[in-house]
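Good morning, and thank you for coming. Today I shall present one protein structure, with attention to its aromatic rings and its charged side chains. Please look at the sequence and the model first.

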Amino acid sequence: LNGNINSNNSTAKFVIDAPLIKYKKIQLENLHFEFDTKNPSQNSYLSVTNFSNKFFNGNNLNLTSVKENDTLFFRSEFQGANFSKSLFNVDFYHTNNKNGASYFGIKKSTIPIGTKSWTINPKDLVNQKISFSQNFEEVFLNSLTAFSENQSLSVSGSYLNPSVFDLKLDLKNVLIENILPIIPTFKIAGKIDLKANIVRSTLKNKLDIESNIESLNINNHYLGDLNFTSTGNTKLNTYVANLNLLKDSSRNIELKGLWQGLEDPTLNFNLDFNDFDISFLTPLGKKSLNDIRGKVGGSVTLLGSLSNIKHNGNLNLVNGGFSVPFLNLKYDIEPTNVTLEDKSFIFKSTNLVDSEEGTTALVNGNFSHTNFSNWLASLTINSNRMLLLNTIQKPESLFFGQGYLDGSVILYGPT
């Protein structure tokens with residue numbers, strides 16, 4: 001720290017340098033800060049090589065500010081950790097009204113989202129701002145718009161308390177692969193249009209959601225067009241939902257039912273599958289399983305809170321199969337029924353056939369889960385002759401040749 005502060009004439013000029021600053025979950029590396037009340041172009045300058053918190057990681061931050069009357073204007077540029085080639089340019093201002101409420105206005109700015117650059121408040125309108133009450137319990141978002149080529153987003157709303165709030169959200173032609181978080185085993189693509197309006201007050205209580213995802217694609221598998229609508233009363237906190245997945249004029253998935261609550265919704269959905277292709281699940285097998293395939297039909301009921309979903313029903317699988325590349329095996333699953341009970345997928349007398357020699361095995365057991373994660377297998381495999389190894393000799397091979405199962409194998413544990 002180097003500089004001086006004069007309280008007699010309210011002037012200050014100083015410099016702060018710090019190799020590392022940590023506060024709770026915030027970390028700043030190689031911080032340099034300059035402050036000068038007499039500098040007409042910028043009162044402060046901040047540079048940080050790397051910064052991180054629980055929401056965002058970035059680097060090469062440069063932030064300047066200048067005060068005009070009672071308003072403090074900021075200009076910033078930085079790079080996100082996941083956007084090494086794209087630069088955030090965010091300009092904003094802050095002021096307070098006579099009641100102590102804080103106003104943050106967003107000026108024309110650009111941010112990278114996915115592979116595209118978005119312009120926020122492209123016309124530099126003065127109404128694009130968010131305000132907080134003095135105790136930060138009330139929030140008002142007057143308007144916020146953003147554009148990227150033919151993609152657009154607008155959002156506005158307010159929150160006074162759990163009984164009085166509203167939100168309006170409008171998305172047009174937005175590429176969902178650019179706005180969803182990265183999921184290694186689920187690469188999702190498509191174009192979404194969405195209109196959502198949620199209001200709760202003494203005069204009006206309503207939820208309306210209408211959305212359509214055109215050309216939904218998961219893991220490079222085209223699934224079709226997905227439509228979702230939901231309406232209801234925010235005072236009663238009960239909503240009707242409908243979802244359809246349409247491909248080549250066929251309805252592969254249909255969902256109807258009710259959900260209650262906005263924070264941790266409780267579901268009561270009926271879900272019907274018709275000739276639904278599950279090939280997009282292949283990446284779930286990682287390096288152990290490959291070429292997961294099959295088509296699913298049947299009906300399932302989803303019950304319980306979103307954080308603790310249970311399911312009941314029956315599904316039928318046809319043209320099913322998978323490969324085990326490490327062992328050079330390819331298995332077909334003969335048509336079978338799968339029972340869904342509570343949190344388990346139960347297989348009874350399911351026949352596996354290897355495609356090399358036609359040997360078979362009978363599988364019984366289940367896969368269970370905790371909210372579709374932490375999967376646990378409990379399977380018994382019986383066979384008089386089942387091909388389990390089919391590899392050729394390589395210099396790095398620990399074992400090779402053909403191996404067969406004659407007897408029973410029990411598989412139990414996390415997958």
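**Aromatic rings and salt bridges**

Let me begin with phenylalanine 14, which counts as buried because its relative accessibility is 16%, and the cut-off for buried is under 20%. Please keep in mind throughout that the model is predicted. Phenylalanine 14 has its place in strand β2, which covers residues 11-23. Which residues does phenylalanine 14 touch, if we do not count those up to four places away in sequence? They are Leu1, Asn2, Gly3, Asn4, Ile5, Phe33, Glu34 and Phe35. Leucine 63, by contrast, stands 49 residues apart from phenylalanine 14 along the chain, and 16 Å separates their C-alpha atoms.

I turn now to pairs of rings. In general, such a pair is described by the distance of the centres and the angle of the planes. How many aromatic pairs does the count give here? The count comes to 20. Consider phenylalanine 73 and tyrosine 93: their ring centres are 5.7 Å apart and their planes stand at 45 degrees, so this pair is tilted. The angle falls between the limits of 30 degrees for stacked and 60 degrees for edge-to-face. Because phenylalanine 73 belongs to strand β6 (residues 71-80) and tyrosine 93 to strand β7 (residues 88-96), the pair ties together parts that are 20 residues apart in sequence.

Phenylalanine 273 is buried at 18% relative accessibility, and phenylalanine 276 is buried at 9%. Rings may also gather in groups: Phe51, Phe56, Phe78 and Phe88 form one aromatic cluster.

Next, the charged side chains. How many salt bridges does a search of the whole structure find? The search finds 10. In one of them, arginine 75 is joined to aspartate 91, with the closest N and O atoms 3.3 Å apart. Since arginine 75 is in strand β6 and aspartate 91 in strand β7, this pair ties together parts that are 16 residues apart in sequence.

Another salt bridge links lysine 206 and aspartate 208, whose closest N and O atoms are 3.4 Å apart. Lysine 206 is partly exposed at 41% relative accessibility, and aspartate 208 is partly exposed at 26%.

Arginine 385 deserves a moment of its own. Its side chain meets that of glutamate 357 in a salt bridge of 3.8 Å, N to O. Glutamate 357 sits in the loop between β25 (344-354) and β26 (360-370), and arginine 385 in strand β27, so the pair ties together parts that are 28 residues apart in sequence. Arginine 385 also lies over the face of tyrosine 404, at 3.9 Å from the ring centre. Arginine 385 is partly exposed at 45% relative accessibility. Elsewhere, Asp291, Arg293 and Asp332 are linked in a network of salt bridges.

I close with the surface. Phe326, Leu398 and Phe399 make a nonpolar surface patch of about 410 Å². Phenylalanine 399 is found in the loop between β27 (373-391) and β28 (401-414), and is partly exposed, with a relative accessible area of 42%.

Key: Residues are numbered from 1 along each chain as its sequence is written. This is a predicted model: local features need pLDDT of at least 70, side-chain atom pairs count only at pLDDT 80 or more; totals for chains, interfaces and linings use all residues. Side-chain values use heavy atoms; hydrogens and water are left out. Rings of Phe, Tyr and Trp (its six-membered ring) pair if their centres lie within 6.5 Å; planes under 30 degrees apart count as stacked, over 60 as edge-to-face and the rest as tilted. Helices (H or I, at least four residues) and strands (E, at least two) are DSSP runs, numbered from the N terminus. Buried means under 20% relative accessible area, exposed over 50%, partly exposed in between (1.4 Å probe, protein chains only). A charge sits over a ring if NZ of Lys or CZ of Arg is within 6 Å of the ring centre and within 35 degrees of the ring normal. Patches are made of residues with over 30% relative accessible area and no salt bridge: like charges are joined within 9 Å, nonpolar side chains (Val, Leu, Ile, Met, Phe, Trp, Tyr) within 5 Å. Accessible areas come from the Shrake-Rupley method with a 1.4 Å probe; for residues, only the protein chains shown count as cover. A salt bridge is a side-chain nitrogen of Lys or Arg within 4 Å of a carboxyl oxygen of Asp or Glu. Contact means heavy atoms within 4.5 Å.
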